[in-house]
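Me: I would like to understand how the words used for a protein structure follow from numbers. Please show me the structure, and then let us take the terms one by one.

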Amino acid sequence: MITPQSQQQSSDAPVALITGAGAGIGRLAALDLAARGYRVLLVGRTLSKLDSVREAMMGAGASHVPECVALDLGDLGAVRRGASQILGQTPKLHLLINNAGVAAERGVSTDGFERTFAVNHLGHFALTLQLWPALRNAGHARVITVASRAHRHCRAWSWDSVRGPTRSLTGVPEYAQSKLANILFATELARRAAVSGVYSCSLHPGVLDTEIWRQLPAWLRVMNRWRLDAADAGGRALVHAALDAPADTNGKYFDGTRLQNPSTLACDADLARTLWVKSLQWTQLTDPTTV
C-alpha cells in the first residue's frame, strides 16, 4: 500500500527508495536524505513504523511528503504488486537502497525459500529488477545493497539450503550465505547495468545495535549489545555509499566508508552469474538489464 500523500509530490526532486526504513540505519538514512531535498519512499513490513518515520521527517522540515509502502520482501507476489504501484507513481528512481534484512530468523517464505535468503536476497533481487525502468529513466541512478562482514563465514555455497525451512538451529549459516548473496548480486548488477549508467555497490555498515537482532532471545540480545556499535555510524556509511562513493567504485564492497576486498568466494564471477540466472528462474522474471 502506498499512502495517498504521493499525489502531492514535486516531479523535479530526486527520488530515493529505502527498504527496511522503519528502524535502524534505514530510518537514519531516510532522515538524512529528506534533509537533503530527496523525495523518499519508505518501504517496510510494518506500516505503523513507517508512519512514525514519516512524521519524524515532516517534523524535521522535509521538503517533500514521504510515502510509506507496506511490503513483505519474503513474499514475491507482494514484491510484484508493490513494485507495480511504485512504478505507477514514480517514473524516475534516482536511488534504491536495499537495506532491509533479517537475522536469526528460522522458517520458510511464502514461495518456499529459506526465510532469511528470501528476504535478504531474493526479495531485493526481484524488487530491483522490477523497478529497473525507473532506475534507467533516472540517468546515473545508484543501487546500494547492504551486506555484512558475516559473509566471510560462508566458506562454500549451498544451493540446497536456499529451498525449504531453515536447517541450522541458529540461522547464522543461512544469514552468512544471504549476505554473501547480497555482494554477489551487487557485483553482477554493476557488470550488467554499466551500459545503462546505473551504479551498484554493497557495504558492511558495521556491527550495529539495530532491530535486525530482534529474533534473538531477550537474554542473548542483551549480551549481544556489548559487542555492537550505535546505529549512527552505519547510517552515515549508507549515505556515503549512496551519495559520495566515486563512480570508479562501481561493483565494489565497502566496510563502513572504506573500500575493502570481500571474501574469495564473494569475488567468484561464475558464482555471481549463476546466482543471477537462478534468481531469475526463481522469481520468474525476465532480465531487464539485457533489453
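Reply: Let us begin with a salt bridge, which is a side-chain nitrogen of Lys or Arg within 4 Å of a carboxyl oxygen of Asp or Glu. By this rule the count comes to eleven salt bridges. Please keep in mind that this is a predicted model, in which local features need pLDDT of at least 70 and side-chain atom pairs count only at pLDDT 80 or more, while totals for chains, interfaces and linings use all residues. Residues are numbered from 1 along each chain as its sequence is written, and side-chain values use heavy atoms, with hydrogens and water left out.

Me: Why is the pair Arg45 and Glu105 called a salt bridge?

Reply: The N to O distance between the side chains of Arg45 and Glu105 is 3.7 Å, and the limit is 4 Å, so the pair meets the rule. Side chains of opposite charge can pair when their charged atoms come close.

Me: What makes Arg45 and Glu105 a link between distant parts of the chain?

Reply: Arg45 is in the loop between strand S2 (39-44) and helix H2 (47-59), whereas Glu105 is in the loop between strand S4 (95-98) and helix H4 (115-130), and the two are 60 residues apart. The names of these elements come from DSSP runs, numbered from the N terminus, where helices are H or I with at least four residues and strands are E with at least two.

Me: Why is Glu105 called buried?

Reply: Buried means under 20% relative accessible area, exposed means over 50%, and partly exposed lies in between (1.4 Å probe, protein chains only). Glu105 has 9% relative accessibility, so Glu105 counts as buried, whereas Arg45, with a relative accessible area of 42%, is partly exposed.

Me: How do you know that Asp255 and Arg149 form a salt bridge?

Reply: The closest N and O atoms of Asp255 and Arg149 are 3.3 Å apart, which is within the 4 Å of the rule. Asp255, at 8% relative accessibility, counts as buried, while Arg149 is partly exposed at 39%.

Me: Where do Arg273 and Asp270 lie, and how far apart are they in the helix?

Reply: Both Arg273 and Asp270 are in helix H9, three residues apart, about one turn of the helix. An α-helix has 3.6 residues a turn, so residues three or four places apart point the same way. The side chains of Arg273 and Asp270 meet in a salt bridge with an N to O distance of 2.5 Å, and Arg273 counts as partly exposed at 32% relative accessibility. Elsewhere, salt bridges that share partners join Arg45, Asp72, Glu105 and Arg115 into one network.

Me: What makes Ser279 a buried residue, and which residues is Ser279 in contact with?

Reply: Ser279 has 0% relative accessibility and therefore counts as buried; its place is in helix H9. Contact means heavy atoms within 4.5 Å, and, leaving aside neighbours within four places in sequence, Ser279 is in contact with His121, Leu122 and Phe125. The C-alpha atoms of Ser279 and Phe125 are separated by 7.5 Å, although the two residues are 154 residues apart along the chain.

Me: What makes the phi of His140 worth a remark?

Reply: Most residues other than glycine have a negative phi, and most peptide bonds are trans. The phi of His140 is near 60°, a positive value in a residue other than glycine. His140 lies in the loop between helix H5 (132-138) and S5, and is exposed with a relative accessible area of 69%. Ala104 also has a positive phi, near 65°, but Ala104 is buried, with a relative accessible area of 18%.
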